[in-house]
Amino acid sequence: MALEMKVPSPGESITEVEIAQWLVENGDYVEKDQAIAEVDSDKATLELPAEASGVITLMAEEGDAVAVGQVVCLIDTDAAKPDGDAPAAETPKVEEKKEAPAPVAAPAKTETYASGTASPAAKKVLAEKGIDASQVKGTGRDGRITKADAVDAKPSLGTPGLGSRGEARKKLSMLRRKVAERLVSVKNETAMLTTFNEVDMQPIFDLRSKYKENFKSKHGVSLGFMSFFTLACVRALKMYPAVNSMIDGDFMVSYDFQDISIAVSGPKGLMVPVIRNAENLSFRGVESEVKRLAIRAREGQITVDEMTGGTFTITNGGVFGSMLSTPIINPPQSAILGMHNIVERPIVRDGQIVVAPIMYVALSYDHRIIDGKESVGFLVAVKEALENPEELLMDNNITRALEM
């Protein structure tokens, strides 16, 4: 019996996907639940598992856009599983042929001083400069290029050199095309501005240095920076609810919960899974959720539902070495916080110049609903919480905060 495999619905509002890659060949025997293809939607890359065991017949090509519910392959469930490789056929003997006597080589011709011919010394100089001999006019006998000609030769700015000039053309995945479309729409349809500040990370460094080993042994996850930044943002979003809002036509929609989107790098590009109700999570809860979502994103197992929603986004370009950037808002949200690398810089602390680990932070926001007072106040509140985490994030009880 031939089983028709149709494209399942990856999520609400998704009507078509693109065959990113077939993981099997036409005519292969596949096992039930074996991943046979990767499909791209406009939100994520998902694996397509075989619905039954049998021999597969592919009905779509890589790069094809197929509608949800469309048949993409057939599986012959009556086909027997191959036992193994068939024995190799005996190699037929080939009758030996006697080689014909080699032709007598003609006497070598004496090199002529034709125009464009370079002397050995000139060839070496031209090769070092990356200049083709055809670009040089020789002044020697019959136009021969001398060493002096090669030394004086200069490459033409409009003429290609001797290096590779190849190019590759590859169609963007549906996910990448959708991301590009959304980013352009954000720039065109929002009044996006960015405000900056700096954070002295020494208090967090001190806390992590003192408690990270106990934290990891107790909870099985590391005490990283994301828990501090997530909880600092939750506190600031409660203080400035306009930053936790979105525009819907002529209305501003505000939320009494904080769903924090975390930008992570996956095999198919940037993905933004969501930490739900971050306001209810402890340091352990945030770190566990960040680890879980990051692993699922890197392994290509993240679902559309896990990336849908979110009221505010945090992105960390610092892991790639970024010192400062203006992050782009993740629509339909109205603001995004950008973290960057930590560099030791001289600052003034208690009237003294000291060297401290400093991170620049950036808040991009939609000025249509967030004014300067809210945007600057929000970023200052984040800075205050990060520079005084014991009081503002741990309620002056470090042990209890890290044991929850």
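Student: Is Cys73 buried or exposed?
Tutor: Buried means under 20% relative accessible area, exposed over 50%, and partly exposed in between, using a 1.4 Å probe and protein chains only. Cys73 is buried because its relative accessibility is 0%. Cys233 counts as buried too, at 0% relative accessibility. Bear in mind that this is a predicted model, where local features need pLDDT of at least 70 and side-chain atom pairs count only at pLDDT 80 or more, while totals for chains, interfaces and linings use all residues. Residues are numbered from 1 along each chain as its sequence is written, and side-chain values use heavy atoms, with hydrogens and water left out.

Student: How many disulfides are there?
Tutor: A disulfide is a pair of cysteine sulfur atoms within 2.5 Å. By that rule the count is zero.

Student: How should I read helix H5?
Tutor: Helices are DSSP runs of H or I with at least four residues, strands are E runs of at least two, and both are numbered from the N terminus. The expected span of a helix is 1.5 Å times one less than its number of residues. H5 covers residues 225–239, and its 15 residues reach 21 Å from the first C-alpha to the last, close to the 21 Å expected. Eleven of the 15 residues in H5 are buried, so the helix is mostly covered. Among them are Met226, Phe229, Cys233 and Leu237.

Student: Which residues does Glu18 touch?
Tutor: Contact means heavy atoms within 4.5 Å. Leaving aside neighbours within four places in sequence, Glu18 is in contact with residues including Glu38, Asp40, Asp64, Lys171 and Arg177. Glu18 lies in strand E2, residues 16–22, and is buried, with a relative accessible area of 5%.

Student: Where is Ile347?
Tutor: Ile347 is in strand E18, residues 342–349. Its relative accessible area is 14%, so Ile347 is buried. Ile347 and Pro357 are ten residues apart in sequence, and their C-alpha atoms are 9.5 Å apart.

Student: What sits over the ring of Phe225?
Tutor: A charge sits over a ring if NZ of Lys or CZ of Arg is within 6 Å of the ring centre and within 35 degrees of the ring normal. Here the charged end of Arg208 sits over the ring of Phe225, 4.6 Å from its centre.
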